[in-house]
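Please look over the sequence and the structure shown here. A short briefing follows, grouped by topic.

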Amino acid sequence: WDLDNTVWDGTLAEDGLEGIVLKTEAAKTIVELDRRGILNSVASKNDPIAATEALKKFGLLDYFVCPQMGWGPKSEAVERISQLLDLGLDTFVFIDDQPFERGEVQETHCQVTVLAETSVSELLSLELCDVPTTAESGKRRAMYQAEARRSETFRITGTNYLDFLSSSQIVLET
């Protein structure tokens, strides 16, 4: 998800936190996709601190896994999300209000489905979002968020995961 003029009306950098207004349909779509077990993330050209505050204000921050906010190309943000989640780009949908940004992502990652923000109302009825909902579906985001925290902890501490497992002396008995 892009944020400015996609998840909310307005541009955070220009209008400030008080000048942006949540798009209700986008918020409902994000929540429903999450319920279905479809992960949501952010690829936005915004100050990460300000964008995080805006997502908190609207009660949406926790719905996003591995959000990427900064000033680089959105194609790089989408690729980073793909790597962090260990998911193929062919499973991604990128939604943005700017034709330039959509074109840049589509040109760089032709396997990503790219949609305009005007498609949000149709997103839930698209075949690619018509997935079986199970008891596990609603837990998918939490599982990915827990894995992201584990990976970040290992990265920060410099611990090698396989070395950690080996040193744990885990014994399986049948």
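**Cys66 and the overall picture**

Cys66 lies in the loop between α3 and β4 (68-70); helices (H or I, at least four residues) and strands (E, at least two) are DSSP runs, numbered from the N terminus. The model is a predicted one, in which local features need pLDDT of at least 70 and side-chain atom pairs count only at pLDDT 80 or more, while totals for chains, interfaces and linings use all residues. Residues are numbered from 1 along each chain as its sequence is written, and side-chain values use heavy atoms, with hydrogens and water left out.

**Whole protein**

- The protein has eight helices and six strands.
- Read from the N terminus, the order of the elements is β-α-β-α-β-α-β-α-β-α-β-α-α-α.
- The C-alpha trace spans about 55 × 35 × 35 Å along its principal axes.
- Of the 174 residues, 39% are buried (buried means under 20% relative accessible area, exposed over 50%, partly exposed in between, with a 1.4 Å probe and protein chains only).
- Taking contacts (heavy atoms within 4.5 Å) between residues at least 6 apart in sequence, 62% join residues at least 24 apart.

**Residues with positive phi**

- Most residues other than glycine have a negative phi.
- Cys66 has a phi near 55 degrees, which is positive although the residue is not glycine.
- Cys66 counts as buried because its relative accessibility is 15%.
- Gln169 also has a positive phi, near 55 degrees, and is placed in the segment after α8 (161-167).
- Gln169 counts as exposed because its relative accessibility is 67%.

**Helices α1 and α3**

- The axes of helix α1 (residues 12-19) and helix α3 (residues 48-57) come within 10 Å and cross at roughly 35 degrees (axes are lines fitted to C-alpha atoms, for helices over the stretch in contact, and angles run from 0 to 180 degrees between N-to-C directions).
- On the α1 side the contact is made by Leu12, Leu17 and Glu18, and on the α3 side by Ala50, Ala51, Glu53, Ala54 and Lys57.
- These contact residues divide into five nonpolar, no polar and three charged (Ala, Val, Leu, Ile, Met, Phe, Trp, Tyr, Cys and Pro count as nonpolar, Asp, Glu, Lys and Arg as charged, and the others, Gly among them, as polar).

**Strands β5 and β6**

- Strand β5 (residues 93-96) and strand β6 (residues 113-116) pair in the parallel sense over four bridges; two strands pair if DSSP finds at least two bridges between them.
- Asp96 stands opposite Ala116 in β6.
- Together with helix α5 (residues 99-108), β5 and β6 make a right-handed β-α-β unit (right-handed if, with the strands pointing away from the viewer, the path from the first strand over the helix to the second runs clockwise).

**Asp2**

- Asp2 is in the segment before β1 (8-9).
- With a relative accessible area of 3%, Asp2 is buried.
- Leaving aside neighbours within four places in sequence, Asp2 is in contact with Val7, Ala43, Ser44, Lys74, Ile95, Asp96 and Asp97.
- Asp2 and Gln68 are 66 residues apart along the chain, and their C-alpha atoms are separated by 9.9 Å.

**Two serines in helices**

- Ser82 is in helix α4 (residues 74-85) and counts as buried at 11% relative accessibility.
- Not counting residues up to four places away in sequence, Ser82 touches Leu87, Gly88, Leu89 and Phe92.
- Ser151 is in helix α7 (residues 140-157) and is partly exposed, with a relative accessible area of 38%.
- Ser151 and Leu84 are 67 residues apart in sequence and 9.0 Å apart in space, C-alpha to C-alpha.
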